[in-house]
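Keep it quick and clear.

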Amino acid sequence: LPRLSFIGGGLSLVDNAGLETVDLPSLSTLEEGDLTVRGNPALRSIGLPRLANTPGAMAVTGNAVLENLELSALSTAPWGIAVEDNPVLRRLELPALIQVGGNGLVLVGNQGLQAALLPELLDVDGVQLRVVGNDSLERLELPQLRGTQEHVEVSGNPRLVELLFPQLMRVGGHLRVARNVGLLRLALPVLNSVMQDLQVQDHGALSEFSAPELSRVGRVVFRLDRNNALVSLFLPSLRHVEGDMEVTANRVLTEISLPSLTDVEGEVRVAQNPVLPHLLIPGLQSIGRKLWLYENRDLSELRMPRLERVGELWVSELLPDSKLSSVLLPELKTVDWSMWVKNNPVLEVLALPKLSEVGEVLRIFENGKMPELLLPELKTVGGELEVRGNKTLQRVRLPQLQTLRGGLDVLSNPALLEFSVPQLRVVSWTLWIRKNPSLSTRAILPLEARTQGSFIACGNRGGEPCP
């Protein structure tokens, strides 16, 4: 139809078994309705070189031999563009496209797609920019993209080597980059904020991740996970994370540098990074939920010099060859819920000089080289206080502890010589002091008068053996 320029409704080409070519060189306007090209098994070429906009949604899907899609004048797609499951489509070029709305821009499952070029696209005002499962994709170019109203996902494109968004400043939803096994570089030079998740995970070759202007990550999670070639995480401007922050299972990661970070509303999890030597976050003041550290084999020091409050504190390296020797939190005053320091075979220094309150349980378990537990300002523990299985622990000194709302259990600390809680008024539940062969029974007997529950002392120096 070489002279057709106007269609009052939409254009639908669906399930035409013998259709090989669509050539509408003069068509410039669809008045209303969708543009749909779906399930045409013999269709090889679509030529719409003058079509400037689609008032409805545009979908080109499931065309088994489609090789050419010509939409060189298309400038707006207010209800979105979907190009999906066209296995031999090699190139998608939309040189005039400026704006996409509706369901956004979706490029999914085009196994032969090698290049997606959108040189003028400024904004995705729709639900998503989604580029997923394009097995041959080597080039994804969006040099002018400034922002998205909601989500960006680039995942499962094994031949994609570089992902660069040079003008992207804001992502209104989540930003997820995952399972692009050949990806070497992820560059977001002007990105300032991601309002929901930021996830970079499951890359075997990614060695560079840069977002120098990123200052805010929104709710749910900031996750850097299983990037096996990434050596450094450096986000110099990041100040605020509304959700969780997880840095886990990055095999060669040796640096986490977040010099401007002041607060994380969710949890901070740093785990299974085997060659990370230290963790220093100099400006972090508050963690809303859990600070969780485990299975970082070479980590020798945890230091957060300005941290004042944390929801929970869990330091449990677990590995028999763990190198964690010091935990330095000099300004920490409050742990809202539980505090666990356990299974750290070479931990020597636990420095919490200003800690005054633990809201629930406080457990110090099986720390192989700690000589002393000194918490000089601790006044209140809202649950149990348990000190167990610390092989070299000689002194427990809690000079200001007044309130213990749970039980007290001191068990199997073979080197323990001193257990001092001079201000403790009452133990609400059972008080157990057992199997501490170096601890004098005479020194602990006065504690019996302070417990409202049972008092059980056995297996200590000069006392009865435990049954």
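Asp244 counts as buried, at 12% relative accessibility (buried means under 20% relative accessible area, exposed over 50%, partly exposed in between, with a 1.4 Å probe and protein chains only). This is a predicted model: local features need pLDDT of at least 70, side-chain atom pairs count only at pLDDT 80 or more, and totals for chains, interfaces and linings use all residues. Residues are numbered from 1 along each chain as its sequence is written, and side-chain values use heavy atoms, with hydrogens and water left out.

**Asp244 and its partner**
- Asp244 forms a salt bridge with Arg289 (3.2 Å, N to O).
- A salt bridge is a side-chain nitrogen of Lys or Arg within 4 Å of a carboxyl oxygen of Asp or Glu.
- Arg289 is partly exposed, at 41% relative accessibility.

**Other salt bridges**
- The whole structure holds 28 salt bridges.
- Arg176 pairs with Asp197 in a salt bridge, with the closest N and O atoms 2.9 Å apart.
- Asp197 is buried at 3% relative accessibility, while Arg176 is partly exposed at 29%.
- Asp336 and Arg309 form a salt bridge, their closest N and O atoms being 2.8 Å apart.
- Asp336 is partly exposed, with a relative accessible area of 23%, and Arg309 is partly exposed at 42% relative accessibility.
- A network of salt bridges links Arg363, Glu386, Arg388, Asp409 and Arg434.

**Ser326**
- Ser326 is buried, at 9% relative accessibility.
- Leaving out residues up to four places away in sequence, Ser326 touches Ser300, Glu301, Leu302, Leu347 and Val349 (contact means heavy atoms within 4.5 Å).
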